[in-house]
Amino acid sequence: MKDFRSKLMSNPQTITGYAAGAFAAPTGEAIPVIDPATGTTVAVLHESDGAEVDTAVAAARDAFRAGPWAGASVADRQRALHAIHDAILEHAEELAALETLNTGIPFIQTKNIHLPRAAQNFRFFAEFINQDGGEVFTQEPGYMSLVTYEPIGVCALIGPWNMPLGLTAMKMAGALAFGNTCVVKPSEITPLTLARLFEIIDAKGILPPGVINLVNGRGHVTGEALSAHPDIDMVSFTGGTETGARILGALAKGIKGGAMELGGKSPSIVFADADIERALDGAMLGSFMNNGQMCLAGSRLFVHEQVADEFIAAFTTRTKALRVGDPFDPATEIGPMINAAQVARVASYVESGLGQGATLLAGGGQIESDGFFIEPTVMQSNSNALAICQEEIFAPFATIQTFSDEDEVIARANDSAFGLVGYVWTADLERALRLSRRLATGTVLVNTPIMRDLRTGFGGVRQSGLGREGAKGSRAMFTEMKSTIIALERPALPRMGTGN
């Protein structure tokens, strides 16, 4: 893998857009793509301007309205989705290496978790549409009411920088499965894996021209041109809450829909009756997996006072023992932050926490390196009101609070602008079900970290987003529900204008 990195450092890739089955010429503003572990340029992205966005959207519109995808059968769509699934697995080692090089996420995670999940997204939706169907209602005497789901049209799919292939693949698989065409925009920070996936799909001829299109660039240039485009029918976005709000504002002008998977500050509640070793394992993964840079991180820990001393001591010891280093090293557990701005952001929150009375238990410093490495950090707080407990830090940074009873911890867990995931660690099934009802989150995970079942919906409430991804959630996102009502016999209608 060191040879892989050296090759790109000596000969950086050129990243351009893709529309109507052809890659664009490298004409837009050149933006360096950085390996966060070394701080070196490994690719140059050429930004898509408004004209290039117009070309990509027009290609998607033509393919949706008149191209072969418009009349593709379920079997046709299944074949394409299965082919993309197989292509990802065929190139899994290369794609995982690109993901690690671009994001700094340890290779052991991108290879064993991210790539299989990216492929599984396409296989899952291929299988789902083969079993999915409409609905028939006959409760009204003399009538049959049919409900069908039709593709919404041209979808703008805007992916995040922290898990670019896996999370954007979910959007692509869902949009294509239900018969839509799409324009994909990865983050300008992490475009490598999606650019390579488009090359692979193109080389294999899996999809007709215009069905998938790619634009690249910064949010205020390419992102705004795409989300405000009059010929886009919906936007699916994963990223920060502020950006999501701007996209919704642009969509409102056109009375269009958007699905938003946004930020999180998820509580992880450890009760005294929990399996402490299991809860420790889960809390470590929930706080530090993916370098801590994930929206569903369970890094706002609440520990019952009866087990607090034991749990906090063990959690702090294990945090200090985390192996930080080159993400291609098999022993590495924590790689670099995505860029220097994230390093500075973590430092500002450490300073803020100390200034507001929190106690630094572990980490808190920057690691001297050419890359963007920090020490995994734990701070204990006596108040949920501190910025470190309220704001999404997006780093290997956990906060710990103690609690004494259920009502108290529910009130504090729900005292947040976010509502993505809640984690509960307890041996009491009744308590687990009770907390599932009481936690104001889109998902509740009991005695397990970071689990997503594609049959269920995933998404948040409040500032964590709108809509759900997953089987029926993605169907709601990428289709329009149509009702067709048929009279089965001559209805007794008033005959207006006859004098009767």
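Which element provides the largest share of the lining of the second largest pocket? The views are taken from a predicted model.

**Figure 1. The largest pocket of the predicted model.** At least two lining residues come from each of α8 (219-227), β11 (234-238), α9 (241-253) and α12 (340-355). Helix α9 makes the greatest contribution, six residues. Classified by side chain, the lining of the largest pocket comprises 16 polar, 14 nonpolar and nine charged residues.

**Figure 2. The second largest pocket, with α5 in its lining.** The space within the second largest pocket amounts to about 440 Å³. Among its 21 lining residues, those closest to the centre are Ile113, Arg117, Met163, Ile450 and Arg452. Two elements, α5 (107-131) and α6 (164-177), each give two or more residues to this lining. The largest share belongs to α5, which supplies four residues. The lining of the second largest pocket consists of 13 nonpolar, five polar and three charged residues.

**Figure 3. The largest cavity of the structure.** Four cavities of 30 Å³ or more are present in the structure, and the largest cavity has a volume of about 80 Å³. The largest cavity is lined by 13 residues, of which Ala297, Ser299, Glu392, Ile393 and Phe394 are the closest to its centre. Its lining contains seven nonpolar, four polar and two charged residues.

**Figure 4. The packing of helices α4 and α5.** Two packed helices are described by the angle between their axes and by the distance between those axes. Helix α4 (residues 92-103) packs against α5 at an angle of about 125 degrees, and the two axes lie 9 Å apart. On the α4 side, the contact is formed by Ala92, Glu93, Leu95, Ala96, Ala97, Glu99 and Thr100; on the α5 side, Phe107, Thr110, Lys111, His114 and Leu115 take part. By class, the contact between α4 and α5 includes six nonpolar, three polar and three charged residues.

Technical notes:
Residues numbered from 1 in each chain as written. Predicted model: local features only at pLDDT ≥ 70, side-chain atom pairs only at ≥ 80, totals over all residues. Heavy atoms only, no water. 1 Å grid on protein atoms, 1.4 Å probe; cavity = no way out; pocket = protein on both sides within 12 Å on 5 of 7 lines; lining within 4 Å. Points joined across faces, edges and corners; volume = space filled by probe spheres on them. Nonpolar A, V, L, I, M, F, W, Y, C, P; charged D, E, K, R; others polar. Axes fitted to C-alpha atoms, helices over the stretch in contact; angles between N-to-C directions. Contact = heavy atoms within 4.5 Å.
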